[in-house]
Amino acid sequence: MKPDVKVCCIKSAEEAAMAIDYGAQALGLVGPMPSGPGILSLDAIRDISRTIPTHINSFYLTSKTEFDAIAVEYEWVLTSHIQLTDYTSENTRLALRKNFPDLQIVQVIHVSENSRMDDIKSAEKHTDLLLLDSGMPKAKKKQLGGTGQTHDWAISRKIVQKTSLPVYLAGGILAGNVQEAVLTVKPFGIDLCSGLRSRDKLDPSKLKAFFDVLARIA
């Protein structure tokens with residue numbers, strides 16, 4: 001089965017419409033972050049999210065890790081999903097679940113050779129989706145996504161095989177490697193940002209090339 005596609009780093013209502021026209025099932029809107037592309041104000045995200053059709057999933061990306069700080073942002077943007085780009089505790093996610101029962105909670109795992117299944121099991125609790133990315137949350141200046149770098153997909157494949165949750169794969173994916181990524185990892189979904197942009201704008205030629213490749217994957 002072909003994976004769902006989430007186009008991240010959406011910066012305008014026009015980009016959102018373009019991504020949907022080409023076949024995206026989900027859109028990512030990036031809130032305040034310590035670094036990375038696509039960062040928008042909460043006001044801009046709220047305005048864009050209001051234009052997204054209800055059958056398209058909207059992901060709000062936050063770098064906050066405590067419930068109160070996350071809730072302040074989420075109550076402003078009111079997307080269908082919240083993507084927790086940094087480590088959060090089980091208690092934080094449980095509080096999100098209790099206070100926003102209709103919200104889909106997405107925990108990001110930044111995959112490295114040190115990734116342990118015990119950490120994955122903890123991340124699964126009070127979570128609806130996992131997203132495997134290539135950030136460096138322990139760097140002096142945190143990188144929590146949008147790096148344009150791949151990681152070891154063999155590790156991601158093991159995570160997909162062992163978790164009961166749907167998994168999105170992110171990190172350096174583009175038309176040239178999406179077939180290998182899908183066949184290797186077999187994720188529920190693919191998440192792209194830099195691989196679809198040129199000069200900081202969503203590029204229709206890259207969108208077309210990507211979805212053309214995806215259409216040919218058996």
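**View 1. Helices α6 and α7 are oblique to each other**. In this predicted model, the axes of helix α6 (residues 153-162) and helix α7 (residues 178-185) come within 8 Å and cross at roughly 40 degrees, and the pair is therefore classed as oblique (angles under 35 degrees count as roughly parallel, over 145 as roughly antiparallel, 65 to 115 as roughly perpendicular and the rest as oblique). Residues are numbered from 1 along each chain as its sequence is written. Local features need pLDDT of at least 70 and side-chain atom pairs count only at pLDDT 80 or more, whereas totals for chains, interfaces and linings use all residues, and side-chain values use heavy atoms, with hydrogens and water left out.

**View 2. Residues of α6 meet residues of α7**. On the α6 side, W153, S156, R157 and V160 are in contact (heavy atoms within 4.5 Å) with E180, A181, T184 and V185 of α7. By class, this contact of α6 with α7 has four nonpolar, two polar and two charged residues.

**View 3. Strand β8 is joined to β1 and to β7**. Strand β1 (residues 4-7) runs parallel to β8 and is joined to it by four bridges, with D4 opposite G189; strand β7 (residues 167-169) is also parallel to β8, through two bridges, and Y168 stands opposite G189.

**View 4. The residues of β8 point two ways**. In β8 (residues 189-192), G189 and D191 point one way and I190 and L192 the other way, and all are buried (under 20% relative accessible area, with a 1.4 Å probe and protein chains only).

Notes: Axes fitted to C-alpha atoms, helices over the stretch in contact; angles between N-to-C directions. Nonpolar A, V, L, I, M, F, W, Y, C, P; charged D, E, K, R; others polar. Buried < 20%, exposed > 50% of the residue type's maximum accessible area, 1.4 Å probe, protein only. Pairing = 2+ DSSP bridges.
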